[in-house]
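Have the model open and follow along.

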Amino acid sequence: MDAPLRVLLVEDSADDAALLERELRRAGVRVECARVQTAAELERALDQGAWDVIVGDNSMPGFSGRDALARVRARGLDTPFIFVSGTMGEDLAVSALEAGAGDALSKGDLRRLVPVIRRELRDAAERRGRRESEASYQALVQHAPVGIYRSTPAGKFLSVNAALVHMLGYETAEELLALDMGRDVYADPNERQRLMEQDTYSQQVTEELETTWKKRDGTRIRVQLSVRAQRDAEGRVTVYETFVRDITKQRELETQLAQAQKMEAIGRLAGGVAHDFNNLLTIILSYSDLLLQDLPPTSSDRDDVAQIQKAAQGAADLTRQLLAFSRQQVLQPKVVDLNLAILGIEKLLARVLREDITLRCTLAPDAGSVRVDPGQLEQVVMNLAVNARDAMPDGGQLTIETANVELDEAYLRGHALAKPGRYVMLAVTDTGMGMDAVTQARIFEPFFTTKDVGKGTGLGLATVQGIVQQSGGHIWVYSEAGHGTVFKIYLPRVEEAATREEPPAAEATGGTETVLVVEDVAAVRAVACEMLRRYGYRVLDAADATAALALARSHRETIHLLLTDVVMPDVSGSVLAERLRALRPDMKVLFMSGYTDDAIFRHGILAEGISYLQKPFTTVSLAAKVRAVLDA
């Protein structure tokens, strides 16, 4: 004992108290003793500080050692308490021990006093260590970042930690302890029973299970349970000990990742197909144009050629949608005042909406500008409007809204693909049939449609999502069966002034300039050359970059324009243009392609100052674009 032993003596006899103190000192114990003989004195002594041991006379006038022990324990103190008595019979000793004393000694024989005190101090230290360990363990459980609970096989919580209370949306542990797990926690009341019937738990094995729970407000969460069962001697489960992780967000992200990977795979396929497909469509559409130019107005063949042209145009539209949802279409973004853009589109909406549908535009006066391709923005709004129309067969209301919004971290927690920042929101809301959760989960999948066969390609919403994402924004949808649908599109807000409207495109007039056509597909090259010749241009053609460079070196006269495909097997169109510009600095360049290519695009965004013609093109669109580039 390094520090003095603080001993409180509950003793009415000063002589007996001195005897007890002398016995301790004779054994070499350094002590600090204080004596009390009434309840009030005891209370004051206990208030003044901690005591290492209390020695109490079992029999005093008006205040016994048993009374003193009761007051000490009532305070929650675990201080060793030793009874002493002038006469210590067996019955008195048993009674003292039953009352919670550490031991009972006779004043006539104090030889055991010091050994008993030492033993009681060791026992008290061990109890204190256990309490501290248990408190530390309880703190660990209570502050654990995962839910922890113990439950009975019948589904009654025995204990829960704070993380579980928070996870399920309750205020206190007592609320959880009153619940029936099957009825109040599991989304499917029978799911718990089914999991228990699959029981393979043992004391050595922790079972990993996954199920759906419901929070206090009814919200569903996906949880992973790590369960260990305690069993009795007969092997029956007595208690389940379980760790719980909320994996709702993880599963949502996994679903989104799988969807993104699926879209990427389809996008790669679409991009690969689009190049060859658009070349074929260029040939079909262009020769259809030339045929119609050559056929007399009274020819019976004109209608047949027009049908071919119409079918090819439909295929071209489908290809554009494939490129749009896979975010590989070419965007030519401009800074756009969103309100003015919607007002312009409003006139077009009248053509697609029925008379029994009311159109309402609620545009925020301060709605900012966004950087988008105006044509693609129009496609987004029209696609959403057509879907809304079809969702309201008995009529209803279509509402288009704009507003400035700022997305913060709180919003991002529920929208994994969004990024924080300042946006302009475009909302399209209908009062139609709405969608259930199963349908809503698939609406952005390409080729998924709820419309009858022949009434939809299933690419409309996939296209919308692709355009929005390629424009740097994101789209969110909320719908309930029978309660309509709202699509909210968030486009990054820009501080630049809206771009002034461009003058009308050049007319499809001809010219006499020299055009060098470089295209590796012979049929596309042939028809492009024929179209240009019909408009009066002098045409040179080459199948690849090597031939084009040779032509440029050997041709003595001016080459006014290079019309080149972007993707070619030997050298890309952009590299060819750089090499030719070194030979002929005044030559202008017009790129053509059926899909995006990083040689001239950055993630499908056309850089400013680059002239581009999308395949498939017609005689008129080719002539107009060539004239516009030459006149620029």
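Which residues line the second largest cavity? In this predicted model, the lining is made up of Val 372, Asp 373, Gln 376, Leu 377, Val 380, Leu 426, Ile 467, Val 468, Ser 471, Ile 489 and Leu 491. Three elements, α13 (374-390), α16 (460-470) and β17 (485-494), each give two or more residues to that lining. Helix α13 gives the most, with three residues. Sorted by class, the lining has eight nonpolar, two polar and one charged residues. The space inside comes to about 70 Å³, and the search of the whole structure turns up two cavities of 30 Å³ or more.

While you're at α13, have a look at Asn 383, which is found in that helix. Is Asn 383 buried or exposed? Its relative accessible area is 18%, and the cut-off for buried is under 20%, so Asn 383 counts as buried. Setting aside neighbours within four places in sequence, Asn 383 is in contact with Gly 460, Thr 463 and Val 464.

Now for the rings. The count of aromatic pairs comes to six, and two of these are set out here.

| Pair | Centre to centre | Angle between planes | Arrangement |
|---|---|---|---|
| Tyr 149 and Phe 157 | 5.1 Å | 90° | edge-to-face |
| Tyr 186 and Trp 213 | 5.9 Å | 70° | edge-to-face |

Why is the pair of Tyr 186 and Trp 213 edge-to-face? Planes over 60 degrees apart count as edge-to-face, and the planes of Tyr 186 and Trp 213 are at 70°, so the pair gets that label. This pair also links distant parts of the chain: Tyr 186 is in the loop between α8 (181-185) and α9 (191-197), while Trp 213 belongs to strand β8 (residues 207-214), 27 residues apart. Both Tyr 186 and Trp 213 are buried. Tyr 149 and Phe 157 are buried too.

Another ring to click on is that of Trp 51. What sits over the ring of Trp 51? The charged end of Arg 6 does, 4.1 Å from the ring centre.

Next stop is Val 517, placed in strand β18 (residues 514-518). With a relative accessibility of 0%, Val 517 counts as buried. Which residues is Val 517 in contact with, leaving aside its neighbours within four places in sequence? The list runs Arg 525, Ala 528, Cys 529, Leu 532, Val 539, Leu 540, Asp 541, Ala 542, Leu 563 and Met 592.

Finally, zoom out to the whole chain. There are 20 helices and 24 strands. Of the 632 residues, 44% are buried, Val 517 and Asn 383 among them. As for the contacts with a separation of 6 or more, 67% come from residues 24 or more positions apart.

Key:
Residues are numbered from 1 along each chain as its sequence is written. This is a predicted model: local features need pLDDT of at least 70, side-chain atom pairs count only at pLDDT 80 or more; totals for chains, interfaces and linings use all residues. Side-chain values use heavy atoms; hydrogens and water are left out. On a 1 Å grid over the protein atoms alone, a cavity is a set of points where a 1.4 Å probe fits but cannot get out, and a pocket is an open set with protein on both sides within 12 Å along at least five of seven lines; lining residues have an atom within 4 Å of a point. Grid points are joined across faces, edges and corners, and a volume is the space filled by probe spheres set on the points. Helices (H or I, at least four residues) and strands (E, at least two) are DSSP runs, numbered from the N terminus. Ala, Val, Leu, Ile, Met, Phe, Trp, Tyr, Cys and Pro count as nonpolar, Asp, Glu, Lys and Arg as charged, and the others, Gly among them, as polar. Rings of Phe, Tyr and Trp (its six-membered ring) pair if their centres lie within 6.5 Å; planes under 30 degrees apart count as stacked, over 60 as edge-to-face and the rest as tilted. Buried means under 20% relative accessible area, exposed over 50%, partly exposed in between (1.4 Å probe, protein chains only). A charge sits over a ring if NZ of Lys or CZ of Arg is within 6 Å of the ring centre and within 35 degrees of the ring normal. Contact means heavy atoms within 4.5 Å.
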